[in-house]
Amino acid sequence: MNMRHFPKFPLIYAIFIALMAAAALSATVGRYYMPLGDMSAVVWARISGHPVDASLAQADVVLFTLRIPRIALAVLVGAALALSGAAYQSMFQNPIVSPDVLGVTHAAGVGAAAAILLDLPSLGVHLLSFAFGICAVTLVLLIAGLIGRGSGRVSVAVLVLTGMVITFFFQSLTSLAKYVADSENKLPEITFWLMGSFARANSYRNVIIMLIVTALGATPLFLLRWQINAMSFGDEEARSIGVNVRHTRVLVIICSTLLTASSVSLCGSISWVGLVVPHIVRLAAGPNNDALFPASMLAGGLFLLIVDDFSRVIVPGELPISILTSMIGAPLFIYMLFRGRREWI
Amino acid sequence: MIVGLENLSCGYGGRTVVASVSAEVASGEIFCLLGPNGIGKTTLFKTVLGLIPPIGGRVFIGGRNAAEMSPKEIARVIGYVPQSRPPPFAFKVSDVIVMGRISRIGAWSAPGRTDHAAADSVMTRLGIDSLRDKLYTELSGGERQMVLFARALVCEPSFLMMDEPTSNLDFGNQAVVLSNIRSFADGGMGVIMTSHFPEHAFLCGAKVALMGPEGGFQVGDATEVITEKNMSAAYESPVAVARVPYRGIDLHCCQPILKRSDE
């Protein structure tokens with residue numbers, strides 16, 4: 001392989017190294033004080049099979065049952081959301097599209113709220129939320145397909161508008177759920193869920209689920225990256241150079257929805273990552289999905305990992321993720337609008 | 001190879017814009033569609049490319065019904081040069097050109113070494129090597145047209161379809177594009193283009209289809225079709241057509257005649 005065709009490799013390596021370093025440091029962050037020395041002692045004890053020193057027994061528990069799964073989950077969810085956003089922005093020929101453009105996030109919120117109101121266990125919350133997310137996008141595709149039937153094809157504008165309408169519909173259902181919820185226990189739970197958190201999702205089971213889903217959703221997107229590149233030139237140009245626009249679009253929507261719906265159903269609504277991360281990466285790596293997709297995944301994982309570290313240490317309890325993603329994401333986004341204007345207008 | 005239109009009717013959402021036209025373009029021919037704005041040149045173009053389904057009749061590409069061909073199969077035979085629009089993302093020129101290879105590779109794969117080599121050789125052929133690492137969004141109109149030209153050529157098509165390839169270009173760039181069209185036709189490629197410059201049809205020795213009001217569709221050699229009578233009728237406005245001897249060659253001039261205000 002000729003390196004000229006992969007000029008962004010240094011950048012991808014750099015983000016990867018930053019991500020690894022951030023992951024190691026994140027393990028030391030939190031209410032339980034764990035210096036790097038203790039951490040490496042505990043890790044070495046596990047690797048070598050020696051029994052862990054009694055004074056480090058608690059460190060072992062904190063690291064392996066709390067922090068490692070949480071770090072893995074934050075990285076996976078960040079990667080999934082950023083990839084989903086990058087693919088959507090390319091496919092919808094629009095840099096201000098986010099993974100929830102077709103309503104998946106808000107619908108997943110309604111599913112979760114309904115499950116909480118029905119007193120379902122946490123598995124029920126995840127499943128109902130996931131199902132609602134998938135249903136919303138299916139509904140958008142069906143409605144947009146019906147609208148486009150006359151002209152023989154579905155335009156991007158129709159899809160985005162239908163997605164907007166469905167989003168508003170599910171937003172009002174969310175309000176309804178909050179309105180009828182018992183304000184003593186249900187309402188705080190719904191509100192907390194809607195703002196996203198890894199606190200209640202960090203189990204190895206969830207990490208494995210997320211790992212499988214990310215692999216399932218990301219693989220087709222990576223393989224289709226050049227078809228998606230071509231789609232950013234518009235449906236007609238893409239078709240004229242040989243892209244099966246309809247098939248590719250449906251595949252991209254299925255994969256992105258899978259990535260977003262599973263992220264959101266496990267960890268609640270997490271805003272901004274899928275919108276802002278691909279933007280920043282595009283500034284550095286360019287719009288070619290060859291570099292944009294892997295760099296977005298790594299940067300998304302890095303971004304969400306750092307945000308989660310803040311959410312763990314800023315206040316004694318837990319600060320919901322979406323409060324911080326927006327607080328960090330909004331100024332970053334405005335900076336981008338100044339800095340990156342030339343690049344994508 | 002032949003691209004043929006057989007009683008082709010086309011339009012959007014059931015509204016017929018072009019009714020029952022027939023024509024044939026063979027390899028090595030240049031076929032120029034002329035006609036006033038809004039007469040359906042672009043609609044006809046999109047129908048031939050399979051971007052919109054025909055309302056009636058058929059398009060044949062190399063003996064096959066285009067309606068039964070996949071976008072990829074059509075793209076391998078016909079390279080399309082659209083009118084350049086500012087794109088949403090700042091792709092590198094070499095990336096834009098290599099996208100033309102998508103019809104030659106699997107849907108699930110990325111362009112490889114041979115595809116990049118093909119893009120390089122097309123850039124050299126068109127003399128746009130210097131644009132390779134520039135951003136597509138920062139090119140001038142003429143440069144962007146050349147890049148789209150390269151993207152269409154890189155899939156090694158038998159036909160080129162160009163939508164107003166010379167609009168928005170200055171004289172120098174018009175000459176570059178027209179002589180390229182001429183030389184590709186001489187090399188055996190069929191070229192189908194739309195234009196608002198009848199003179200360009202003469203310049204590259206094109207076969208002409210003149211679309212006029214009430215379904216007018218005249219096909220023939222440029223000298224046969226581009227006459228004062230036909231042009232004035234098609235554009236519903238007086239048009240002068242003249243042959244002017246110039247240093248041993250014949251220039252063909254074609255101009256609208258303005259009504260004098262005192263008449």
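Between chain A and chain B, five residue pairs are in polar contact, both residues of each pair at pLDDT 80 or more. A polar contact here is a pair of N or O atoms within 3.5 Å; within protein, one must be able to donate a hydrogen and the other to accept it, and residues adjacent in sequence count only if both atoms are side-chain atoms.

Before going on, the ground rules. This is a predicted model, in which local features need pLDDT of at least 70 and side-chain atom pairs count only at pLDDT 80 or more, while totals for chains, interfaces and linings use all residues. Residues are numbered from 1 along each chain as its sequence is written, chains are lettered from A and ligands numbered from 1 in the order in which they are written, and side-chain values use heavy atoms, with hydrogens and water left out.

Back to the interface. Contact means heavy atoms within 4.5 Å, and 39 residues of chain A are in contact with 40 residues of chain B. The area buried between the two chains is about 3500 Å², with 61% of it from carbon and sulfur atoms. Buried area is the accessible area, with a 1.4 Å probe, that two parts lose on being put together, summed over both. Of what chain A buries against chain B, 22% comes from A:Trp226, A:Phe233 and A:Ile241, more than from any other three residues.

Now the charged pairs. A salt bridge is a side-chain nitrogen of Lys or Arg within 4 Å of a carboxyl oxygen of Asp or Glu. Two salt bridges are counted between chain A and chain B. A:Glu237 and B:Arg151 meet through their side chains in a salt bridge, 2.8 Å from N to O.

Which elements of chain A give two or more residues to the side that touches chain B? They are helix 3 (57–91), helix 8 (204–223), helix 9 (225–231), helix 10 (235–240) and helix 15 (341–344). Helices (H or I, at least four residues) and strands (E, at least two) are DSSP runs, numbered from the N terminus. Helix 9 of chain A gives the most, five residues. By class, this side of chain A has 15 nonpolar, 15 polar and nine charged residues. Nonpolar covers Ala, Val, Leu, Ile, Met, Phe, Trp, Tyr, Cys and Pro; charged covers Asp, Glu, Lys and Arg; the others, Gly among them, are polar.

Next, the sheets of chain B. Two strands pair if DSSP finds at least two bridges between them. Four strands form an open, antiparallel sheet in the order 2-1-4-5. Strand 2 (15–26) and strand 5 (64–65) of chain B each have a single partner strand, so one side of each is left without a neighbour in the sheet. Strand 1 (residues 2–12) of chain B pairs with strand 4 (residues 56–61) over five bridges and with strand 2 over eight bridges. Opposite B:Ser9 is B:Gly56, and opposite B:Glu6 is B:Arg58, both in strand 4 of chain B. The hairpin of strands 1 and 2 of chain B has two residues between the strands, and B:Gly13 takes a positive phi near 45° there.

Chain B also has an open sheet of six strands in the order 6-7-8-3-9-10, with mixed pairing. Its edge strands are strand 6 (78–81) and strand 10 (216–221) of chain B. Strand 3 (residues 30–34) of chain B runs parallel to strand 9 (residues 207–212), joined by four bridges.
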